[in-house]
Amino acid sequence: MRNLQVNGERLWASLMELAQIGATPKGGVCRLAASDLDGEARRLFIRWCEEAGCSVTVDRIGNIFACRPGRDPNLPPVTTGSHLDTQPTGGKFDGAYGVMAGLEMVRTLNDLGYETEASIEIVAWTNEEGSRFSPAMVGSGVFAGVFDLAEGLARPDNVTGVTLGAELERIGFAGSEPAGGRAVAAYFEAHIEQGPILEGAGKPIGIVTGAQGQRWYEITVTGQEAHAGPTPMRRRRDALVGSARMIDAVNRIGHEHAPNACATVGFVQVSPNSRNTIPGRVFFTVDFRHPYDEVLSAMDRELREACNRTAKAIGLEVDVKEFWYFPPTPFASDLVAAVRDAAAAQGYAHQDIISGAGHDAVYMARVAPSAMVFVPCIGGISHNEIEDAKPEDLTAGCNVLLNALLDTANPIT
Ligand SMILES: [Zn+2]
């Protein structure tokens, strides 16, 4: 381990300057994908990269790559980055941190006159948030072949219907480079944790070993509408009572597979939703998450059993439809080890952690060895204007990122 140190004050200053683009009165950032403000942030990032001696290219889905050339142009690049777009009530650090950490790393290597064998690339992925254009992680998804380019460009704005492709064109970021289809030696991403675990443990560094899997369901429960007055209790087929028991079962399944399982019902529609009519139909969603596929499968079985049992007991029909399945993604063990070694060499308290959220690294893991570094955020709060992080933790994460990445870009032989 080389134990190089980045300039934490410069990293913080860049983050604060970037956060002024789309700054909200409550101290957050609103910089939706492919908006004018996103264009402004992208141009600032490119200017900084060019000033740091990088050559910048933009691919057809608008992903920006800033390359610091290595000694051997035949080697595939080692890449790091994240995203510049935010939620409508987003913060200063989600995404921006990973991109600015990449920039700070390059600036540090320049200061030290440090050459690497492989090129180092900083990437800013398009539309990670999926807030204006769903789904999330479209830029990295197209790069990794999860979505077709045409499919990505055709994503409509959730309100106006204008496409991502048209908006990229308008802000000057419909690039000419092919999206994906080229080798990346390794991908590292630094990100705030967006949860409370590291802060609770008092540790500045999370070694992200992978991202949890997800199973999403749409469940429709059908009973019979009837008058709330004349219908005796024993004659009822109340779809809402059945759904309530099923929702309770979802919560119990989550607790039974603690501490790693998450189980959520966040959307319920009751029909006809009238105070004096027994509900005849209920639609609700289920979101299951767990780092291990076999546990997710067990949760799936338990959900179906609970739904069928309840439906039978009350005389209802139930349709459990799996809407989306996202397999657990383990990160590359040698890169995870490089991150862990870098944290240990710097003397930072650290622990392994699983990513609860989706990240560009999760799609990149499909086409390149990938890993992530997490740093704590205050109160575990993210996707919120009050999102905050300590400068010293951000510096720690950037130091770990730099040394882990150098391990890969410039192996000591
Ligand atoms: Zn993010």
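This report describes the zinc site, the aromatic contacts and the cysteines of one predicted model.

Because the model is predicted, local features need pLDDT of at least 70 and side-chain atom pairs count only at pLDDT 80 or more, whereas totals for chains, interfaces and linings use all residues. Residues are numbered from 1 along each chain as its sequence is written, and side-chain values use heavy atoms, with hydrogens and water left out.

**Zinc site**

The zinc ion has as its protein donors His 83 (NE2), Asp 94 (OD) and His 191 (NE2), at 2.0 to 2.2 Å; donors are N, O and S atoms within 2.8 Å of the metal (3.2 Å for Na, K and Ca), and since water is not among the atoms, sites may look incomplete. The spacing of the donor residues in sequence is H-x10-D-x96-H. His 83 belongs to strand β3 (residues 78-83) and His 191 to strand β5 (residues 186-192), so this pair ties together parts that are 108 residues apart in sequence; strands (E, at least two residues) are DSSP runs, numbered from the N terminus. Both His 83 and His 191 are buried, where buried means under 20% relative accessible area, with a 1.4 Å probe and protein chains only.

**Aromatic contacts**

The structure holds 11 aromatic pairs, a pair being rings of Phe, Tyr and Trp (its six-membered ring) whose centres lie within 6.5 Å, with planes under 30 degrees apart counted as stacked, over 60 as edge-to-face and the rest as tilted. One of them joins Phe 65 and Trp 125 in an edge-to-face arrangement, 5.8 Å centre to centre with 90 degrees between the planes. Phe 65 lies in strand β2 (residues 64-68) and Trp 125 in strand β4 (residues 120-125), so the pair ties together parts 60 residues apart in sequence. Ring pairs also link Phe 147, Trp 216, Trp 324, Phe 326 and Tyr 363 into a cluster.

Arg 42 lies over the face of Phe 173, 4.9 Å from the ring centre, and the charged end of Arg 107 sits over the ring of Trp 48, at 5.3 Å from its centre; a charge sits over a ring if NZ of Lys or CZ of Arg is within 6 Å of the ring centre and within 35 degrees of the ring normal.

**Cysteines and buried side chains**

With a disulfide defined as a pair of cysteine sulfur atoms within 2.5 Å, the count comes to zero. For Cys 54 the nearest cysteine sulfur, that of Cys 49, is 5.2 Å away, while the sulfur of Cys 377 is 15 Å from the closest one, in Cys 262, too far for a bond.

| Residue | Relative accessibility | Class |
|---|---|---|
| Cys 54 | 6% | buried |
| Cys 377 | 1% | buried |
| Phe 65 | 4% | buried |
| Trp 125 | 2% | buried |

Conventions
Buried means under 20% relative accessible area, exposed over 50%, partly exposed in between (1.4 Å probe, protein chains only). Helices (H or I, at least four residues) and strands (E, at least two) are DSSP runs, numbered from the N terminus.
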